Amino acid sequence: MASGQFYLSCLVLGSLGSMCILFTVYWMQYWRGGFAWDGSVHMFNWHPVLMVSGMVVLYGAASLVYRLPQSWVGPKLPWKLLHAALHLIAFILTVVGLVAVFQFHNHSNIAHLYSLHSWLGITTVILFACQWSLGFAIFLLPWASLWLRSLLKPIHVFFGAAILCLSVASVISGINEKLFFSLKNATKPYASLPSEAVFANCTGLLVVAFGLLVLYVLLASSWKRPEPGILTDRQPLLHDGE
């Protein structure tokens with residue numbers, strides 16, 4: 001029963017994550033003129049798409065690798081590699097998204113990192129880079145002792161969830177900032193709630209729903225990987241160890 005609920009949650013997460021990306025792409029394509037890589041505002045449009053795809057959707061999926069029941073039995077190394085690889089892809093998408101916005105700012109003579117959104121976003125990316133580097137060095141490479149891994153594991157788990165929360169907050173503030181900058185003319189002010197504002201706000205709500213569901217799955221004790229040597233009705237073969 002618990003396994004069925006987990007896979008149902010994964011199905012909902014997959015649907016929400018896909019909708020987050022598709023809604024962002026549609027917003028940038030339909031209302032903001034599409035995509036380019038030439039320093040123009042159309043280059044900026046890659047920024048929200050890549051940040052939502054990398055820092056929220058793919059990051060959330062990578063965080064749930066150890067919740068898969070298949071990861072509870074047998075060697076843990078393949079799941080560590082998958083966990084690290086998905087996060088690395090998410091980080092690469094994030095870096096490309098940052099390049100897009102910085103190149104646009106350079107091309108348009110716009111100051112860098114002056115808004116709360118930019119401060120929050122760059123802090124999240126820096127924490128993500130530190131988190132991935134520490135995780136790779138401590139939990140994937142074989143040199144770290146068991147006591148060091150045990151000491152750092154709760155910190156690693158905490159910052160994993162914290163970075164997801166910061167990513168969602170960055171996206172929400174970015175959506176709001178984009179709407180304030182774009183919908184400021186007299187005919188379609190943001191306060192009149194034109195169709196673009198409604199659509200973008202709904203996209204933000206989808207991102208929040210995705211993030212909350214990821215956190216719920218992460219915190220649900222019945223879906224956590226059992227510790228080695230602990231037998232449960234969900235893992236009859238755990239005596240084989242990691």
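1. Helix H3 (46-63), helix H4 (77-108), helix H5 (116-140), helix H6 (146-182) and helix H7 (195-219) each give at least two residues to the lining of the largest pocket. Helices here are DSSP runs (H or I, at least four residues), as strands are (E, at least two), numbered from the N terminus. A pocket is an open set of points on a 1 Å grid over the protein atoms alone where a 1.4 Å probe fits, with protein on both sides within 12 Å along at least five of seven lines, and lining residues have an atom within 4 Å of a point.

2. This is a predicted model, in which local features need pLDDT of at least 70 and side-chain atom pairs count only at pLDDT 80 or more, while totals for chains, interfaces and linings use all residues. Residues are numbered from 1 along each chain as its sequence is written, and side-chain values use heavy atoms, with hydrogens and water left out.

3. The largest pocket holds about 1100 Å³ of space, a volume being the space filled by probe spheres set on the grid points. Its lining comprises 34 residues, with Tyr66, Lys76, Lys153, His156 and Val157 lying nearest the centre. H6 supplies the largest share of this lining, nine residues. By class, the lining of the largest pocket has 17 nonpolar, eight polar and nine charged residues, where Ala, Val, Leu, Ile, Met, Phe, Trp, Tyr, Cys and Pro count as nonpolar, Asp, Glu, Lys and Arg as charged, and the others, Gly among them, as polar.

4. The second largest pocket has a volume of about 700 Å³. Around it are 36 lining residues, of which Phe44, His47, Val101, His117 and Glu177 lie nearest its centre. Helix H1 (2-30), helix H2 (41-44), H3, H4, H5, H6 and H7 are the elements that give two or more residues to this lining, and the largest share, eight residues, again comes from H6. The lining of the second largest pocket divides into 21 nonpolar, 13 polar and two charged residues.

5. H5 and H6 pack with their axes 9 Å apart and at an angle of about 155°, the axes being lines fitted to C-alpha atoms over the stretch in contact and the angle running from 0 to 180 degrees between N-to-C directions. H5 and H6 are therefore roughly antiparallel to each other, a term for angles over 145 degrees. The contact of H5 with H6 involves 12 nonpolar, 11 polar and three charged residues.

Definitions and conventions
Angles under 35 degrees count as roughly parallel, over 145 as roughly antiparallel, 65 to 115 as roughly perpendicular and the rest as oblique.
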